Every structure is written in C-alpha cells, then in structure tokens.
Amino acid sequence: VDLEVRFRWKSWLWADADLCISRGRITGLPEGSNYIPLAPLFTSSGGITVKDLNGFDASLRYLFVDDRPANEDNTVTALGYFIVQAGLQYHLKRFSFSATLENLLNTAWNEAQFDTESRLAWESEPVSEIHFTPGNPRNVQCGVSDRF
C-alpha cells in the first residue's frame, strides 16, 4: 500500500509525505521461512519546503525505514533508521548557492546491511550476523551552480 500526500499551504510553502507498507513473501516456501531478505515493511519520507521566497529555497526533510527481516526465517533483523536533513539555497541571477546539513540529528545508522554467515578458525559453528556499511554522520555539503 502506497500513500502520497502533497499539500500547498501558501504559494511558497509546501508539505509532502510518502508512506509505503508492504508484506512481501517468497512463494513456495513454508510460512515463517518465506520472508524476502531486506525487503522493507514500512518506509516513509517527506518534509516541508519553502520555494522562491525572496530568492531563497529551504527544506526540512526526513527518511524513515523500519526494521526488517535480514533473512528468510526472520531470525536476523536489519535495523531501521530515521534521518533528517535541512537545506538552504539562494538564487542570484544565474547563480545558485546551496548548503545542506545531512543527518541533522547525527543518527548512527546502517546504510547497506546484509545477513552473512561466517565462521572464524576457533569457532565450532558458523555465526549468522549483520554486516553493514555505516551511514554518513552529520555533515554539510555546499555548492554553487551556474545556469547558462
């Protein structure tokens, strides 16, 4: 189920949200062993945007991904996350100057996640665990663009 909402409060002020709920399963496998690894169960993104207010654009945006099964029997969980970013852009004739503050709340989050089975030399049995790429910490990206 997908829901998309857009709302215009003023000519220069917008709000939006996208929500997705899913229950994907692998066909032909027994119930409880048929999860699709890393398939999101619930996601949402959205924010508030100020557009062309005295040459400025600004936004406050979020992204939410819920916890989800990392393997077919849901014994390992890929952790969800909630990240926020703020952006500001100023337009001056044909130039635009921008700054984006990513991960405003400095959330520790995992971007890529995979359930991997491994066994070290001294372990008698393999271990199934999440291997991941950490998401970006709080950072600022700045830019200048020229429209010609």
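Student: Which strand gives the most to the nonpolar patch?
Tutor: E7 does, with three residues. Keep in mind that this is a predicted model.

Student: Which residues make the patch, and what area does the patch have?
Tutor: Phe56, Leu88, Tyr90, Leu92, Phe95, Phe97 and Val144 make it. The area is about 620 Å².

Student: Which strands supply at least two residues each?
Tutor: Strand E7, residues 81–92, and strand E8, residues 95–102.

Student: And where is Phe56 placed?
Tutor: In strand E4, which covers residues 56–65.

Student: Why does Phe56 count as partly exposed?
Tutor: Its relative accessible area is 36%.

Student: New topic. Where is Pro30 found?
Tutor: Pro30 is in the loop between strand E2 (13–21) and strand E3 (42–53).

Student: Is Pro30 buried or exposed?
Tutor: Exposed, with a relative accessible area of 54%.

Student: What separates the C-alpha atoms of Pro30 and Trp122?
Tutor: A distance of 34 Å. Along the chain, the two residues are 92 residues apart.

Student: What about Cys142, buried or exposed?
Tutor: Cys142 counts as exposed, at 65% relative accessibility.

Student: And what is the relative accessible area of Cys20?
Tutor: Cys20 has 26%, so Cys20 is partly exposed.

Key. Residues are numbered from 1 along each chain as its sequence is written. This is a predicted model: local features need pLDDT of at least 70, side-chain atom pairs count only at pLDDT 80 or more; totals for chains, interfaces and linings use all residues. Side-chain values use heavy atoms; hydrogens and water are left out. Patches are made of residues with over 30% relative accessible area and no salt bridge: like charges are joined within 9 Å, nonpolar side chains (Val, Leu, Ile, Met, Phe, Trp, Tyr) within 5 Å. Accessible areas come from the Shrake-Rupley method with a 1.4 Å probe; for residues, only the protein chains shown count as cover. A salt bridge is a side-chain nitrogen of Lys or Arg within 4 Å of a carboxyl oxygen of Asp or Glu. Helices (H or I, at least four residues) and strands (E, at least two) are DSSP runs, numbered from the N terminus. Buried means under 20% relative accessible area, exposed over 50%, partly exposed in between (1.4 Å probe, protein chains only).
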